[in-house]
Amino acid sequence: MGWFALTQHYSAPTRKLDWTLSQWVALNFACCEEYSSDATLWIANFDKVNSKYEKYHDTFPDLIGNPKAPEVIVFASPLITNERIEAQQGSFSVVASNILCDHETLFKGCNALVKIIIPKNLKPDILKEL
């Protein structure tokens, strides 16, 4: 998982999705670009996801890339970090079997995802407050 985290932060494609443990970092990333469109803030319950797929935690590395493996998603903190990952309080979700799997579907299966739309006109005010 460590190399996935490091390489993704330098724009290499990986099978993981970035998350932050900080609501302030999340708001900043949601609002800092694309001023002409609304932002989306996703909130995931890591504990619910990890509990649902707990039986796969020990074998998760063996499932990566196995097309016959079930679609399993886990949250993990990177083993290898850098200043950027630490400043962003980074964490990651990773799907084992299908690199193209929709993370949202698996989160919804755990009842572990909330989607908040931030209107575009509020972005400058939120950034100013941050």
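Visitor: Is H103 buried or exposed?
Guide: This is a predicted model, where local features need pLDDT of at least 70, side-chain atom pairs count only at pLDDT 80 or more, and totals for chains, interfaces and linings use all residues. Residues are numbered from 1 along each chain as its sequence is written, and side-chain values use heavy atoms, with hydrogens and water left out. Buried means under 20% relative accessible area, exposed over 50%, and partly exposed in between, with a 1.4 Å probe and protein chains only. H103 has a relative accessible area of 11%, so H103 is buried.

Visitor: Which side chain does H103 join in a polar contact?
Guide: H103 lies in helix α6, residues 103-109. Helices (H or I, at least four residues) and strands (E, at least two) are DSSP runs, numbered from the N terminus. A polar contact is a pair of N or O atoms within 3.5 Å; within protein, one must be able to donate a hydrogen and the other to accept it, and residues adjacent in sequence count only if both atoms are side-chain atoms. At 3.0 Å, the partner of the H103 side chain is that of S93.

Visitor: Which residue forms a salt bridge with E104?
Guide: A salt bridge is a side-chain nitrogen of Lys or Arg within 4 Å of a carboxyl oxygen of Asp or Glu. Side chains of opposite charge can pair when their charged atoms come close. The whole structure has one salt bridge. Its closest N and O atoms are 3.0 Å apart, and E104 pairs with K108.

Visitor: How many residues apart are E104 and K108, and in which helix?
Guide: E104 is partly exposed, at 26% relative accessible area. K108 is exposed, at 55%. Their spacing is about one turn of the helix: four residues, both in helix α6.

Visitor: How many disulfides does a search of the whole structure find?
Guide: A disulfide is a pair of cysteine sulfur atoms within 2.5 Å. C31 is buried, with a relative accessible area of 0%. Its closest cysteine sulfur, in C32, is 8.0 Å away, too far for a bond. The search of the whole structure gives zero.

Visitor: Which residues form a nonpolar patch on the surface?
Guide: Patches take residues with over 30% relative accessible area and no salt bridge; like charges are joined within 9 Å, nonpolar side chains (Val, Leu, Ile, Met, Phe, Trp, Tyr) within 5 Å. I43, in strand β2 (residues 39-44), is partly exposed at 41%. Accessible areas come from the Shrake-Rupley method with a 1.4 Å probe; for residues, only the protein chains shown count as cover. Together about 230 Å² is accessible on I43, V114 and I116.

Visitor: How far apart in space are A87 and S22, C-alpha to C-alpha?
Guide: A87 is found in helix α5, residues 83-87. At 56% relative accessibility, A87 counts as exposed. S22 is 65 residues away in sequence, but the C-alpha separation is 9.8 Å.

Visitor: What separates the C-alpha atoms of K68 and N98?
Guide: K68 sits in the loop between α4 (60-63) and β3 (73-76). K68 is exposed, with a relative accessible area of 78%. K68 and N98 are 30 residues apart along the chain, and their C-alpha atoms are separated by 9.2 Å.

Visitor: How many helices and strands are in the protein?
Guide: Buried residues make up 38% of the 130 residues. From the N terminus on, the elements run α-β-α-β-α-α-β-α-β-α-β-α. The count is seven helices and five strands.
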